[in-house]
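Reader: I am new to this structure and would like to learn how to read it feature by feature. Could you take me through it slowly?

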Amino acid sequence: MTDTIKTDALIVGAGPVGLFAVFELGLFDMKCHLIDILDRPGGQCAELYPEKPIYDIPGWPLITAQGLVDKLLEQIHPFRPDFTFNRMVSSLEKLEDGSFRITTDEGEIFEAKVVVIAAGGGSFQPKRPPIPGIEAYEGKSVFYSVRRMEEFRGHDLVIVGGGDSALDWTLNLQPIAKSVTLVHRRPEFRAAPDSVNKMYAMQEMKELEFLVGQVSGLAGADGQLSSATIKGGPDGDVEVPCTRMLPFFGLTMKLGPIAEWGLNLHENLIPVDTQKFQTSVPGIFAVGDINWYPGKLKLILSGFHEVALMAQAAKRIVSPGERIVFQYTTSSTSLQKKLGVHD
């Protein structure tokens, strides 16, 4: 018989917004347990672009995605949250007392007074490009994310795509790669104009190569690439040296079992009010990229704001009848004590 794990707030998703939820809930003395499908905290930031710079976090002119995750973990450390990794929430039911019973795909059972869905876009997987035989190279010389930039040092790198990820990594990896070839099916991009301008300037300086076309074939042995064939350009088929490839064809987002929770989905997102960020089910909240409301912006800093308001409403459910006093961390000695400021 599996022991039931009890907590005040169960947070589904351990990305930046889920981690900051621990902080805001912790200020109100709520115990948190986080469940994530990945094997570590950080969500998409840690999984897809840990070394990618982020420029719009208040107070940090530049911080890497992993750096932000590390700082959030440091910030929530005083609240001692619990984590369960490599798990998906498979079922959720509301109990007679208004609390929730949550079961994972491995059979663990949780009971929580509130549930906070901070699952980004849901579980995600990169879209595989239609290149014959690419499967044989995946994980060895074809990668769909950059976990460590050093793994690309000294390699002939082909990056495929026209969005921000493709342009960002073209610019960030060019200084350490032996060569960089960016491939996109047309000369127009969906990326930030500044990044596109920088790429074209580097092409002018012959610091990288940009080819219009599509990757039609790969050559190599035992999972190790040696070259890639590009078709569709003005010069016909071109073969370029390639020992590492990064295809960025977007992600397939899957809500998974969350779609079955009766949350009145809006185009695979969860509608919420903008006072509490509560869903159509009282006691279940949704924050970050997975929620929807008029004017929604998919920014980490927007998720942080949503979490602050959500915590106020969650406290009223977890501790009904208890008077909630709004306090500032800068001046409240009781909050500072919780944070270990004077330890």
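Author: What follows goes from the overall chain to its helix contacts and then to its salt bridges. This is a predicted model, in which local features need pLDDT of at least 70 and side-chain atom pairs count only at pLDDT 80 or more, while totals for chains, interfaces and linings use all residues. Residues are numbered from 1 along each chain as its sequence is written, and side-chain values use heavy atoms, with hydrogens and water left out.

Reader: How many helices and strands are there in the chain?

Author: Helices (H or I, at least four residues) and strands (E, at least two) are taken as DSSP runs and numbered from the N terminus. By that reading the chain has seven helices and 20 strands, and its C-alpha trace spans about 75 × 45 × 35 Å along the principal axes.

Reader: What share of the residues of the chain count as buried?

Author: A residue is called buried under 20% relative accessible area, exposed over 50% and partly exposed in between, using a 1.4 Å probe and protein chains only. Of the 343 residues here, 50% count as buried.

Reader: Which residues is threonine 84 in contact with, leaving aside its neighbours within four places in sequence?

Author: Threonine 84 belongs to strand S5 (residues 82–84) and is buried, at 12% relative accessibility. With those neighbours set aside, threonine 84 touches His33, Leu34, Ile35, Asp36, Glu108 and Phe110.

Reader: How do I read the angle at which the axes of H1 and H3 cross?

Author: Axes are lines fitted to C-alpha atoms, for helices over the stretch in contact, and the angle runs from 0 to 180 degrees between N-to-C directions. Angles under 35 degrees count as roughly parallel, over 145 as roughly antiparallel, 65 to 115 as roughly perpendicular and the rest as oblique. Helix H1 (residues 16–27) and helix H3 (residues 65–76) have axes that come within 9 Å and cross at roughly 15°, which makes H1 roughly parallel to H3. On the H1 side the contact is made by Pro16, Leu19, Phe20, Val22 and Phe23, and on the H3 side by Leu68, Val69, Leu72, Leu73, Gln75 and Ile76. To sort such residues, Ala, Val, Leu, Ile, Met, Phe, Trp, Tyr, Cys and Pro count as nonpolar, Asp, Glu, Lys and Arg as charged, and the others, Gly among them, as polar. The contact of H1 with H3 then divides into ten nonpolar residues, one polar and no charged.

Reader: At what angle do H4 and H5 pack?

Author: H4 and H5 pack at about 45°, their axes being 10 Å apart, and H4 is therefore oblique to H5. Leu167, Asp168, Thr170 and Leu171 of H4 meet Ser195, Val196, Lys198, Met199 and Met202 of H5, a contact with five nonpolar, two polar and two charged residues.

Reader: Is H4 mostly covered or mostly open, and what covers its buried residues?

Author: H4 is mostly covered, with seven of its ten residues buried. What covers those buried residues includes S10, strand S11 (179–184), H5 and strand S16 (244–247).

Reader: How many salt bridges does a search of the whole structure find?

Author: Side chains of opposite charge can pair when their charged atoms come close. A salt bridge is counted when a side-chain nitrogen of Lys or Arg is within 4 Å of a carboxyl oxygen of Asp or Glu. The search of the whole structure finds 15 of them. One of these joins lysine 52 and aspartate 168, with 3.1 Å from N to O. Lysine 52 lies in the loop between helix H2 (43–48) and strand S3 (53–54), and aspartate 168 in helix H4 (residues 164–173), so this pair ties together parts that are 116 residues apart in sequence. Lysine 52 is buried at 14% relative accessible area, and aspartate 168 is buried too, at 16%.

Methods:
Contact means heavy atoms within 4.5 Å.
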